[in-house]
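Me: I would like to learn how to read this kind of model, one feature at a time. Could you take me through it?

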Amino acid sequence: KRDPCLPVVPDHQRRENEHAWWNKVKSINKAFPGLVQSEADPSCFVLTRNSTKLIVVIYVDDFGIFHSGTTAGKALAHEYIEHFNKHVGKPLKVHEGKVHEFLGLTITKTQTGFKLSADKYIDTLRARFFPSGVTHAGYKVPADKDLPSIVINAADKKTVPDPQLLQRCQCLIGSLMFATNARPDIQYTVSQLARCMAWPDANIEAAAERCLIYLIGTQDLGLHYERVADPKLFGCSDANWCTRQSTSGCAFKIGTAIISYFSKKQGHISLSTFEAEISAGTLAACEAVHLRSLLASLGYKPKGPTVIKIDNTAALRVAEDPVMHNKTVKVFSDLSQALSSTDNNRLSALRRNKSPTWGSQIFCLHYWFRAAGEGKTAPLQNGFCKTAPQRYETAQMQSRGGKDTMCVCVAVD
């Protein structure tokens with residue numbers, strides 16, 4: 001609870017203070033020789049010096065400083081800390097050693113890798129929302145199959161809730177949102193519950209409590225990341241079709257566990273399952289581009305295109321039929337607008353290609369990045385794919401010099 005003796009800081013002043021702090025941190029990091037800010041994630045700074053890597057991750061006033069684990073890496077980390085303390089008024093409180101906990105998430109070292117879990121955070125939630133203990137035996141799944149109808153009923157009624165019920169539901173659902181950082185199995189449930197945070201009822205409260213009870217019963221679960229010889233970025237997307245806004249789902253993994261996932265309500269009303277699936281695939285393709293850029297900035301550039309699998313027969317048939325009838329015209333028009341060009345890249349038309357190697361249809365989204373010092377970017381020629389996606393990407397890379405082209409292939413089984 002806030003100390004009543006402390007003055008209340010207005011929101012606009014608090015935001016100004018946050019912007020001033022972030023600008024100061026950026027200026028200090030840019031002054032450190034060789035430390036480069038990632039274009040994919042502005043809160044990540046990377047430095048590579050003589051095969052020694054230093055990664056600085058910033059979350060408000062929490063810093064995660066990671067190095068190669070060698071003597072040179074440790075010296076480089078100390079050099080950065082001294083540089084930061086020299087330019088900031090209040091020195092950093094450094095806890096040196098292996099990372100065991102960061103932002104409420106527990107990191108456990110294993111024989112083959114490490115495990116990311118939220119067991120300590122779940123203990124905190126249990127003590128906060130169930131101080132007398134959990135009397136229920138537990139659940140095998142985080143939500144009941146009737147959860148979407150419960151959410152729709154609460155959204156339709158929009159009953160003004162009791163202040164205590166409103167506060168409890170908002171605090172509980174908000175706490176569950178943070179738990180999704182290490183528990184993707186509750187992502188869909190929390191996404192549904194978050195749609196009624198303004199007008200929750202008793203059923204929404206019961207559903208949120210069920211999700212927390214499920215977490216308490218499965219507290220030992222987590223994400224296991226193990227060493228693999230050749231880790232590849234791989235993704236899949238799915239969507240449910242609803243008479244209102246459908247829900248898009250996506251997950252990406254490298255090696256043995258996923259690194260990025262979401263479940264969110266679509267911003268438009270899909271007229272068919274095909275449109276809902278294509279919209280989810282579009283968001284997944286955008287996430288793939290972001291992850292590829294982030295991995296490249298960390299020094300681990302993915303080899304070949306990123307595969308995203310979609311389970312939709314209608315998408316297959318549209319890919320085989322080049323005729324754009326009245327239903328698909330609107331779909332692809334919306335997708336082209338959603339994936340419109342920015343200052344740094346351009347998106348070509350959605351191409352429909354068939355790969356004899358994969359035996360499946362491939363949707364290829366091609367991004368052309370402007371080369372340094374180049375005024376305009378001309379579209380590539382020979383854009384139709386008749387071979388495997390790997391060969392297609394290689395051919396396109398050679399046509400532009402192999403420096404400013406990236407291909408994202410969406411595979412539809």
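Reply: Gladly, and let's start with pairing: two strands count as paired if DSSP finds at least two bridges between them. Keep in mind that this is a predicted model.

Me: Which residue in β8 stands opposite Phe 114?

Reply: The general idea is that strands of a sheet pair through backbone hydrogen bonds, either parallel or antiparallel. Here, Tyr 225 in β8 is the residue opposite Phe 114. Strand β7 (residues 113-117) and β8 run antiparallel and are joined by four bridges.

Me: What is the order of the strands in the open sheet?

Reply: The order is β5-β6-β7-β8, four strands with antiparallel pairing. At the edges are β5 (101-102) and β8, each of which pairs on one side only.

Me: Now for a helix. How many residues does α7 have?

Reply: First the general idea: an α-helix has 3.6 residues a turn, so residues three or four places apart point the same way. In this model α7 covers residues 202-217, which makes 16 residues. From first C-alpha to last, α7 reaches 22 Å, close to the 22 Å expected at 1.5 Å a residue. Its N-terminal end is capped by Asp 201, with a side-chain oxygen 3.3 Å from the backbone nitrogen of Asn 203.

Me: Which residues of α7 are buried, and what covers them?

Reply: Among the buried ones are Ile 204, Ala 208, Cys 211, Leu 212 and Leu 215, and the list also includes Glu 205 and Arg 210. Their cover includes α3 (119-129), α4 (147-157), α5 (163-179) and α6 (187-193).

Me: Which residues touch the most other members of the largest nonpolar core?

Reply: That core has 34 residues, and the ones touching the most other members are Leu 176, Ile 186, Leu 193, Ile 204, Leu 212 and Leu 215. Helix α7 gives the most to this core, with nine residues. A second, separate core of 16 residues includes Leu 35, Leu 54, Ala 77 and Phe 84. Back with Leu 176, residues touched beyond four places away in sequence include Ile 186, Val 190 and Ala 208.

Notes: Residues are numbered from 1 along each chain as its sequence is written. This is a predicted model: local features need pLDDT of at least 70, side-chain atom pairs count only at pLDDT 80 or more; totals for chains, interfaces and linings use all residues. Side-chain values use heavy atoms; hydrogens and water are left out. Helices (H or I, at least four residues) and strands (E, at least two) are DSSP runs, numbered from the N terminus. The expected span of a helix is 1.5 Å times one less than its number of residues. Buried means under 20% relative accessible area, exposed over 50%, partly exposed in between (1.4 Å probe, protein chains only). Contact means heavy atoms within 4.5 Å. A polar contact is a pair of N or O atoms within 3.5 Å; within protein, one must be able to donate a hydrogen and the other to accept it, and residues adjacent in sequence count only if both atoms are side-chain atoms. A nonpolar core is a set of buried Ala, Val, Leu, Ile, Met, Phe, Trp, Tyr and Cys residues joined through side-chain atoms within 4.5 Å.
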